[in-house]
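Hi,

Here is the structure I promised to pass on.

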Protein chains: 2
Amino acid sequence: MKKSTIKDVAREANVSIATVSRILNNTGKGYSDKTRQHVMQTIERMGYFPNAIARGLINNESGTIGVLFPAVSGMVSAELLHGIEAAAQAFDKSVIVCNTLSDPDKTEHYLQLLYEKQVEGVIFANARLTSDFQKMVKQMAVPFVTLAGTSEIEGIPEVKVNDQQASYDATQYLIKHGHSQLAMVSGPSHDLIAGTPRIEGFKQALADANLPCKATQISWSHAFNFEDGKHAFRLIMAHHPETTAIFAASDEMAAGVISEAHAQGIRVPDDLSIIGYDNTKLAMMTVPALTTVSQEFDTMGNRAAELLCHSIMGEDIESLSLKHKIVERESVNKQ
Amino acid sequence: MKKSTIKDVAREANVSIATVSRILNNTGKGYSDKTRQHVMQTIERMGYFPNAIARGLINNESGTIGVLFPAVSGMVSAELLHGIEAAAQAFDKSVIVCNTLSDPDKTEHYLQLLYEKQVEGVIFANARLTSDFQKMVKQMAVPFVTLAGTSEIEGIPEVKVNDQQASYDATQYLIKHGHSQLAMVSGPSHDLIAGTPRIEGFKQALADANLPCKATQISWSHAFNFEDGKHAFRLIMAHHPETTAIFAASDEMAAGVISEAHAQGIRVPDDLSIIGYDNTKLAMMTVPALTTVSQEFDTMGNRAAELLCHSIMGEDIESLSLKHKIVERESVNKQ
């Protein structure tokens with residue numbers, strides 16, 4: 001079965017294409033009620049479903065929100081998306097997801113696509129909405145919310161945890177449990193979301209406890225992956241074999257530290273304590289299970305979608321800082 | 001800035017809405033070349049971008065393919081999607097993703113949405129396309145491909161590995177390395193994708209090696225998750241403490257077995273060998289790293305999107321069975 005086009009509908013209903021267009025565009029002029037009814041029935045019979053499109057052309061209500069994700073850990077995206085879906089459903093919105101692979105060209109392309117698909121709002125997740133997109137965002141003229149990310153563009157609310165405070169608390173947790181030889185396995189130092197603020201939190205906690213912090217106590221990586229964690233931990237042990245506790249800037253990196261420690265015959269948590277960051281599903285899968293900073297991605301996704309839907313309805317919305325907490329499992333030795 | 005509508009364009013260009021509609025719908029009648037040029041310039045100046053929509057209304061070419069995922073392990077989706085994206089880009093197609101949460105109502109809803117968004121084809125991933133959707137699929141009248149799933153609807157090509165053969169090979173791998181006390185940690189027995197065929201493969205390998213297979217040697221679960229793996233392994237050890245090797249129907253379940261074995265003081269692989277299924281990133285993160293059946297999700301996603309794009313171009317396409325392989329790591333004791 002070939003899909004019906006507007007031409008087929010016009011032919012079948014024995015009216016002009018312009019008349020079908022007028023009816024779809026709800027102009028109210030140029031056709032009788034009877035013609036309208038006849039055309040709508042023809043459309044229904046033929047399985048031509050332009051309603052959402054026509055609605056979008058007329059009043060910008062597509063019933064759809066768009067979500068842009070970079071290529072992050074699948075677990076984080078999955079949990080954020082779960083929360084987004086639940087809130088969107090409550091507001092009777094559909095969600096379409098595009099994957100930018102952290103590529104600015106792809107990001108621009110997908111923003112354009114979401115515009116063409118008439119989304120009513122956009123959640124920009126897990127990335128930095130740079131000023132390069134200012135023109136496009138303005139042109140789209142729909143609400144934006146960043147989720148677990150930041151925005152360089154003024155007036156776009158952010159939903160995230162306070163990364164610096166959360167890192168401070170994670171580091172302080174290690175210190176509180178008797179550790180004074182600390183090191184950090186970090187993501188990229190120039191990453192303004194999960195890099196810089198987490199490093200600053202770590203440094204501040206050491207400073208407040210009057211503990212030294214040499215540059216070599218922080219080992220940064222290209223990303224936040226398992227292999228990055230393994231590599232960063234090897235560097236730390238080369239410089240600081242006295243280390244008894246590690247703060248890792250992601251659960252995946254923490255899993256890398258656990259794996260590498262195992263390979264080097266270092267027992268976790270007996271010889272080495274580790275605290276992670278994210279509380280993805282992975283945190284309960286490691287052996288020993290990982291003590292970590294919980295970001296509650298599901299809730300974050302939920303709140304971001306709620307805010308966006310309120311904004312779509314014309315309400316004023318503001319940035320939201322969500323609470324983090326430390327989820328205690330078995331990877332930290334309490335001295 | 002309020003987004004421009006067709007009404008705004010008509011007002012700004014000083015023509016009727018019907019004329020703008022005719023031009024967008026490319027009827028070729030009812031307007032001069034000069035008017036067309038004037039309207040298109042107005043549209044461009046106002047940032048009203050109906051091109052993709054108009055194009056879709058006319059000739060069903062939206063440049064977009066849709067992907068439906070259920071709520072599976074985030075890692076599997078992420079890797080499949082990565083492959084899909086790469087192939088789609090090569091064919092100059094955009095990808096929009098919808099998350100069905102394995103809910104038939106949501107699946108129907110999102111198929112409808114993809115139809116309204118004028119996608120040119122659909123990849124139905126990681127699930128069974130049941131005959132309930134026959135009418136909708138027929139109405140959409142665009143190519144479908146199932147990916148790591150199956151279709152009850154005739155004529156829809158499938159891209160997947162041979163699950164039964166892969167499970168046979170995994171089980172035979174354990175037997176080949178000296179194990180004769182085997183058990184299987186399975187997903188739902190009624191799951192026709194990853195349940196039944198994998199159980200059949202396990203049984204056949206035991207039969208061919210003249211090994212007994214009691215019902216209690218196979219422990220099935222509600223899903224394929226970490227907790228399911230832990231629970232199923234506890235049941236197996238209650239019935240068969242003599243077990244020396246486990247075939248788990250997913251990497252997440254295998255991670256659950258490793259975690260539970262650790263909790264029970266059973267050493268992996270010294271006391272217990274484990275082989276998983278999927279070769280997600282998790283497989284390299286467990287301690288010890290997991291020997292597993294690789295499904296090469298990236299390649300699968302890539303081939304599925306390629307097939308779909310060929311089908312969109314009018315070519316005949318057929319189901320594709322991709323090769324699996326066993327990736328050897330450290331979780332199987334080679335006796």
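B:Met46 comes out as buried, at 16% relative accessibility (buried means under 20% relative accessible area, exposed over 50%, partly exposed in between, with a 1.4 Å probe and protein chains only). B:Met46 belongs to helix H3 of chain B, residues 33-46 (helices, H or I with at least four residues, and strands, E with at least two, are DSSP runs numbered from the N terminus). From B:Met46 to B:Asp8 there are 38 residues in sequence, and the C-alpha atoms are 8.8 Å apart in space.

Before you go further: this is a predicted model, so local features need pLDDT of at least 70 and side-chain atom pairs count only at pLDDT 80 or more, while totals for chains, interfaces and linings use all residues. Residues are numbered from 1 along each chain as its sequence is written, chains are lettered from A and ligands numbered from 1 in the order in which they are written, and side-chain values use heavy atoms, with hydrogens and water left out.

Now the domains of chain A. The assignment gives domain 1 (6-59), domain 2 (64-161 + 298-323) and domain 3 (163-296); such bounds come from an automatic or database domain assignment. The C-alpha centres of domain 2 and domain 3 of chain A are 29 Å apart. Between them, 15 residues of domain 2 of chain A are in contact with 13 residues of domain 3 of chain A (contact means heavy atoms within 4.5 Å). Together, domain 2 and domain 3 of chain A bury about 1100 Å², with 59% of it on carbon and sulfur atoms (buried area is the accessible area, 1.4 Å probe, that two parts lose on being put together, summed over both). On the domain 2 side of chain A, 42% of the area buried against domain 3 comes from A:Met75, A:Glu79 and A:Val161, more than from any other three residues.

What about polar links across that interface of domain 2 and domain 3 of chain A? The rule finds zero salt bridges there (a salt bridge is a side-chain nitrogen of Lys or Arg within 4 Å of a carboxyl oxygen of Asp or Glu). It does find five residue pairs in polar contact across the interface of domain 2 and domain 3 of chain A, both residues at pLDDT 80 or more (a polar contact is a pair of N or O atoms within 3.5 Å; within protein, one must be able to donate a hydrogen and the other to accept it, and residues adjacent in sequence count only if both atoms are side-chain atoms). Helix H5 (74-90) and helix H13 (297-312) of chain A are the elements that give two or more residues to the domain 2 side that touches domain 3.

Over all chains, the structure holds 22 salt bridges. One of them pairs A:Glu152 with A:Arg128, with the closest N and O atoms 3.2 Å apart. A:Glu152 sits in the loop between strand E6 (150-151) and strand E7 (158-161) of chain A and A:Arg128 in strand E4 (residues 128-129) of chain A, so the pair ties together parts that are 24 residues apart in sequence. A:Glu152 is partly exposed at 38% relative accessible area, and A:Arg128 is partly exposed at 29%.

Another salt bridge links B:Lys281 and A:Glu252 (3.2 Å, N to O). B:Lys281 is in the loop between strand E11 (273-278) and helix H12 (282-285) of chain B and A:Glu252 in helix H11 (residues 251-263) of chain A, so this pair joins two chains. Buried or partly exposed: which is A:Glu252? A:Glu252 counts as buried, at 8% relative accessibility, whereas B:Lys281 is partly exposed at 28%.

Most residues other than glycine have a negative phi, and most peptide bonds are trans. In chain B, a cis peptide bond joins B:Val268 and B:Pro269, with omega about 5 degrees. A cis bond also joins B:Val287 and B:Pro288, with omega about -5 degrees. As for phi, A:Asn14 has a positive value of about 60 degrees although it is not a glycine; A:Asn14 counts as exposed, at 71% relative accessibility. A:Asp92, also not a glycine, has a positive phi near 60 degrees, and A:Asp92 is exposed with a relative accessible area of 65%.

Cheers
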